[in-house]
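Here is a short briefing to read alongside the model.

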Amino acid sequence: MATTSAPVLNGLSSSFLTGGKKNQALLGAPLAARVGGAATPKRFIVVAAAAAKKSWLPGVRAGGNLVDPEWLDGSLPGDYGFDPLGLGKDPAFLKWYREAELIHGRWAMTAVVGIFVGQAWSGIPWFEAGADPGAIAPFSFGSLLGTQLLLMGWVESKRWVDFFDPDSQSVEWATPWSKTAENFVNFTGEQGYPGGKFFDPLSLAGTLKDGVYIPDTEKLERLKVAEIKHARLAMLAMLIFYFEAGQGKTPLGALGL
């Protein structure tokens, strides 16, 4: 696994993708070197692993790494030891796969809601909405595609660089408006869970005190597990929607609605 992962990791850490030689050096350096000699603690302590490691096959003791992979210790939210292909053996890949799962899951949850609401509102199947003459399209396809590429390109590039160099995108030069830099600060210290007034406006995982966002460890841990469970269900739902679309069916039609 180590020999095969080396070229991929070298590609991920190229100067083009990580924002230059400085960030590339930071990526390859240990944590202590990145922060000036001593690893700084996070803003709050995250429980490393549950006392009793949960399993995706409760009650089954045999099976070795198929049932209880040694490289999964239960510390990740929603970790039930399911990794039959051994994709998470390499810690670097495990971190990247979790980031990918989280982002894809969030998009899937948004898409599922959009598909149901869109068809319920317009009566047009989601896979035909863009081509329907009655569809609301104030922009041409070219304008929409260009805007999408620009906006998503900017956001995704910032997320990409921040993955390799955490907190690098909260500085003034990394944002188009200097006054918004504080909105991009990672208040929780957790990759993928920035929190703050900008990313947690309802304070579901924290509290606001005198205008300052304070993360709540217990709330955040509970919501992380709930989110990843819903994200996985949404990704499976989207897969089913694609198969249904191939047969000319819709989710609402399958439900008889």
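The buried residues of α8 pack against α5 (91-122) and α9 (251-254); buried means under 20% relative accessible area, exposed over 50% and partly exposed in between, with a 1.4 Å probe and protein chains only. This is a predicted model, in which local features need pLDDT of at least 70 and side-chain atom pairs count only at pLDDT 80 or more, while totals for chains, interfaces and linings use all residues. Residues are numbered from 1 along each chain as its sequence is written, and side-chain values use heavy atoms, with hydrogens and water left out.

**Helix α8**
- Helix α8 covers residues 217-246; helices here are DSSP runs (H or I, at least four residues), numbered from the N terminus.
- Among its buried residues are L220, K224, I228 and E244.
- D216 caps the N-terminal end of α8, with a side-chain oxygen 3.1 Å from the backbone nitrogen of E218.
- Just after α8, G248 has a positive phi of about 75°.

**Nonpolar core**
- The largest nonpolar core has seven residues: A108, V112, I115, A234, A237, M238 and F241. Such a core is a set of buried Ala, Val, Leu, Ile, Met, Phe, Trp, Tyr and Cys residues joined through side-chain atoms within 4.5 Å.
- Helix α8 gives the largest share of this core, four residues.
- Leaving aside neighbours within four places in sequence, M238 is in contact (heavy atoms within 4.5 Å) with A108, A111, V112 and I115.

**Salt bridges**
- The count comes to seven salt bridges, each a side-chain nitrogen of Lys or Arg within 4 Å of a carboxyl oxygen of Asp or Glu.
- R232 and E101 meet in one of them, at 2.7 Å from N to O. R232 lies in α8 and E101 in α5, so this pair ties together parts 131 residues apart in sequence.
- Salt bridges with shared partners join R98, E101 and R232 into one network.
- R98 pairs with E101 at 3.2 Å between the closest N and O atoms, and R98 is buried, at 14% relative accessible area.
- R159 bridges to E99, with the closest N and O atoms 2.9 Å apart. This pair links R159 in helix α6 (residues 141-164) to E99 in α5, 60 residues apart.

**An annotated position**
- UniProt, in an unreviewed entry, places the feature "binding site" at R106; such annotations may be inferred rather than shown by experiment.
- R106 lies in α5 and is partly exposed, at 26%.
- Beyond neighbours within four places in sequence, R106 is in contact with G192, Y193 and E227.

Definitions and conventions
Helix = DSSP H or I, 4+ residues; strand = E, 2+ residues; numbered from the N terminus. Expected span 1.5 Å × (residues − 1). Polar contact = N/O pair within 3.5 Å; in protein donor to acceptor, adjacent residues only side chain to side chain.
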